[in-house]
Amino acid sequence: MRQQEFIGLQNYREVLADKFFWTSFTNTIVYTLVTVPLQMILGLFVAILVNGIKKFQVTFRVLNYLPVITSWVIASLIFRYVFNTEGLLNYFLSQVLHVTASNIRWLDSRWSGLTVAMILGIWKGIGWNMVIFLAALQQVPIDLYEAAAIDGCNGIQKFFKITLPGIKGTILFVWVMLTIGGFNVFTSIKMITGGNPAHQTDTILTWMYYKAFSTGKFGYSAAVSFIMAFTLGIMAIFQFKAMRNRDRELEEIG
Amino acid sequence: MKEKKSVIFFRYALLTIGVILSCLPMIYMISTSLRPNGALYEYPPRFFPQLQDVTVENYQYIISQNKFYINFFNSVIVSVSTVALAAIISSGLAFVIARFQFPGRKVLFGFIIVTMIIPGTTLIVPQFELAVKLKVVNKLWGLIPFYTAWVIPFSTFMIKGFMENIPDEIIEAATIDGADIFTVFFRIAIPLSTPAIASVSIFNFLTAWEEYPWANTVINDNAIRTLPIAIAGFFGQHQFTQWGYVFAMSALSLIPVILVFILFQKYFVTGLTAGSVKG
């Protein structure tokens, strides 16, 4: 091994002055801000629907879970194939629906490339959200709903006054787990856009990976790694705090 | 409460649309794997192949290759070892944290939570340097300790939730009857936490079976590749990607996962519930 020299915070300075790092940072934040709430809302919506039916509950649960157990590599390859310039989606849009004049190069620009990765993330995540929310919905005491019905609450009021408070703990748990997952998006970006064009679609992890394994800048990447771990840690502390406050409130009430 | 027929119908209709959307990409994968491998992108692209074109030649090609069995077997070794090791270590850890008071208990649990918040992929670069130092780069078994370390925090967290709920009376009764701590662990704690252990084991199996970034980083030799890197390799290997082969191999690699999932479906939901809903 080569002689290693202690260089203090040099790597951190380099990372924080690097516009590519900030592009990847922004992309990761956007990815997380878009995919986390949409997965949760759609997952909760499907869970409520499944909870409201009697027949075929298991069938719907299993089929909705299929994307979750599909591996990231396989799912990314399917999406790449569908969104390719000569792929099925472009053919469908231009030749069948006639809404686009020519084939769109989905994977060749920053926001459309990221959008494809985000659609994949949402598609793949709904099933997990559904299973967890479904379990939580089944724990909300049924007599609360009956009491609310007697008091003349409609469905929307019941949702906001009983369902949401009743599954608050689960919502926070899911929120923490999905935020961690969002920050760790890697395989889909690597396989769908590969960070192209010119690192415009890189996320923190793909950028870090590129710097370490393609340019050999391990110190730089280790600094990125630490910055990201630090950010995740701070966020999780806030999220867990929110969770604990909620528990304390419940204890005071109950 | 009586509900209107139209409301119920509406629910089924929405759910059916949702299921179609979630299955569409998979169906397209299967349908692509069933057509001739010739063209890079067929034109016009079809969702379903024309009936006279349907062929299993892609599957025949994949299963005629020795490589496929090697990749498959490698994935089995790594996944099964990860599941077994993680189950043993996490249930032990969970038992100690859930049932005993000792100095450092909070710190230990704090470490577990922190490692859960910062998953393995975040630390891939320092981990690589560690793997180089430990001389486990480019070794199949070298994947196992890393995967195990990745999944232990979440597994411990989930199993701990279950073990905390074991009534004290059962354990006291056993202790009075002369059971030592190992008997309590193996005869009471483990059997009563089976749903949690089973559910995290499915989860761990999936994680190890599909893991790509780390395996792709530390494994070079063809002979020790796991399935995900083999599939991804197909994609980048040639000037043009042979999508028929890619998707045939993908479909085959999904079979064990779907089998495991369907067989343990029952455990999956109960176990997941126990840890998260308490949250």
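In which loop of chain A is A:Ala198 found? The tour returns to this residue at a later stop.

**Before starting**

This is a predicted model, in which local features need pLDDT of at least 70 and side-chain atom pairs count only at pLDDT 80 or more, while totals for chains, interfaces and linings use all residues. Residues are numbered from 1 along each chain as its sequence is written, and chains are lettered from A, with ligands numbered from 1, in the order in which they are written. The model scores ipTM 0.87 and pTM 0.89.

**Stop 1: chain A as a whole**

Select chain A. It has 12 helices and 0 strands; here helices (H or I, at least four residues) and strands (E, at least two) are DSSP runs, numbered from the N terminus. The C-alpha trace of chain A spans about 75 × 55 × 30 Å along its principal axes. Of its 254 residues, 41% count as buried. A residue is buried if 20 or more other C-beta atoms, placed from the backbone, lie within 10 Å of its own, exposed if 12 or fewer, and partly exposed in between.

**Stop 2: the loop between α10 and α11 of chain A**

Select A:Ala198, which is found in the loop between α10 and α11 of chain A. Its phi is near 45°, a positive value in a residue other than glycine. A:Ala198 counts as exposed because it has 10 C-beta neighbours inside 10 Å. Next, select A:Pro197, which belongs to the loop between α10 (187-192) and α11 (204-213). The peptide bond that runs from A:Asn196 to A:Pro197 is cis, with omega near -10°.

**Stop 3: where the chains touch**

Show both chains. How many residues of chain A are in contact with chain B? There are 62, and they meet 52 residues of chain B; two residues are in contact if their C-beta atoms, placed from the backbone, lie within 7 Å. Helix α12 (residues 218-253) of chain A provides the largest share of chain A's side, 10 residues. By class, that side has 45 nonpolar, 16 polar and 1 charged residues. Ala, Val, Leu, Ile, Met, Phe, Trp, Tyr, Cys and Pro count as nonpolar, Asp, Glu, Lys and Arg as charged, and the others, Gly among them, as polar.

**Stop 4: confidence in chain B**

The mean for chain B is 86, and 91% of its residues reach 70 or more. Confidence in chain B is lowest in helix α13 (residues 265-278), at a mean of 61, and highest in helix α3 (residues 66-99), at 94.

**Stop 5: two helices of chain B**

Select helix α4 (residues 105-117) and helix α6 (residues 143-164) of chain B, which pack at an angle of about 125° with their axes 8 Å apart. Axes are lines fitted to C-alpha atoms, for helices over the stretch in contact, and angles run from 0 to 180 degrees between N-to-C directions. In α4(B), B:Ile112, B:Thr115 and B:Met116 meet B:Pro153, B:Phe154, B:Thr156 and B:Phe157 in α6(B). This contact has 5 nonpolar, 2 polar and no charged residues.

**Stop 6**

Select B:Phe146, in helix α6 of chain B. Is this residue buried or exposed? B:Phe146 is buried, with 23 other C-beta atoms within 10 Å. Leaving aside neighbours within four places in sequence, B:Phe146 is in contact with B:Gly120, B:Gln127 and B:Trp214.

Finally, select B:Lys135, in the loop between α5 (124-133) and α6 of chain B. B:Lys135 has a positive phi of about 60° although it is not a glycine. With 9 C-beta neighbours inside 10 Å, B:Lys135 counts as exposed.

Key:
pLDDT is the predictor's confidence in each residue, from 0 to 100.
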